[in-house]
Amino acid sequence: MFQGYYDLASNMITQNRNLNVISNNMTNISTPGYKLDRMMESTFRDEMIYRYDKEGKTAVGTVSHMNVADERVTDYTEGGIRETGYPLDVGITGNGFFVIQTANGVQYTRNGSFNLDDDGYLVLQGVGRVQGTNGPIQVTTDKLGIDSQGRVTSEDGRQYFGTIRVVDFADYNQLTKITGGMFEAAGQPQAAQGVTLTQSFLEDSNVSMAEEMTRMMSSQRVLQSSAQILRMYDQMISRVTTLGGPN
């Protein structure tokens, strides 16, 4: 009798979660190297039947109820790189991540919007120090050259300060997005292969504003429709309850 309540309410919850994901994508559209997320949807099957007979041998079979949020999936497709003119910006092309030492441990990112701290270390502002192949990279000048392999030198090439470490993962399911374009990993990374770094460039996010706006409007329409039908369903049940059945 009340299955309609469960179906409509669960759909509203799912659409709210989907809108949160879309809003986060739109918020980070200008975050260098940001990778968009998608909320995957599924249905909630009758758990008693499903757990009793996963192989479907029972004549009753399984029943699917309610649209529910299954999981959030990150799209790691590369964004385009654009010139910024700032010498500490580093654009990354190919599969790989910069390594950042933060207060909460090592994190990974495609955001190459680097800076220098007061001690001369190369940092991702507000996050932590950029790691080189031999630890954090400390420089003695802000006039730097960074080649395609990540070697950091003075602008004239006479001083070598270190090489930016770029890593990759065999399975991106190991990665967990923390915030913005930052990730933590459950497993150990490996050295990235075939990656090119470009000084004074940044990788853009792979979020399309037009696509996200379309998804948002679609999700909002579904949410509004579910809310309207839920109100109608509530009024119908209230009327039946009030009037009662035949004598």
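User: In this predicted model, which strands each supply at least two residues of the lining of the largest pocket?

Analyst: That would be β2 (64–74) and β15 (175–179). The largest share, four residues, comes from β2.

User: Which residues line the largest pocket, and what is its volume?

Analyst: The volume is about 200 Å³. Among the lining residues are Glu 71, Arg 72, Val 73 and Thr 74, along with Tyr 172, Asn 173, Lys 177 and Phe 183.

User: By class, what makes up that lining?

Analyst: You get five nonpolar, three polar and three charged residues. Tyr counts as nonpolar here, and both Tyr 76 and Tyr 172 are in the lining.

User: Why is Ser 200 called buried?

Analyst: Buried means under 20% relative accessible area. Ser 200 comes in at 15%, so it counts as buried.

User: Where does Ser 200 lie, and what is its phi?

Analyst: Ser 200 lies in the loop between β18 (196–199) and β19 (201–203). Its phi is positive, about 70 degrees, even though it is not a glycine.

User: How many residues does the largest nonpolar core have, and which have the most contacts inside it?

Analyst: This core has 21 residues, and those with the most contacts inside it are Phe 98, Phe 114, Val 152, Ile 164, Val 166 and Leu 197. Two or more residues each come from β4 (90–93), β5 (97–102), β8 (122–124) and β11 (144–146).

User: What lies apart from that core?

Analyst: Another core, of seven residues, including Phe 97, Val 99, Phe 169 and Phe 183. Phe 183 also lines the largest pocket.

Terms used. Residues numbered from 1 in each chain as written. Predicted model: local features only at pLDDT ≥ 70, side-chain atom pairs only at ≥ 80, totals over all residues. Heavy atoms only, no water. 1 Å grid on protein atoms, 1.4 Å probe; cavity = no way out; pocket = protein on both sides within 12 Å on 5 of 7 lines; lining within 4 Å. Points joined across faces, edges and corners; volume = space filled by probe spheres on them. Buried < 20%, exposed > 50% of the residue type's maximum accessible area, 1.4 Å probe, protein only. Core = buried A, V, L, I, M, F, W, Y, C linked by side-chain atoms within 4.5 Å.
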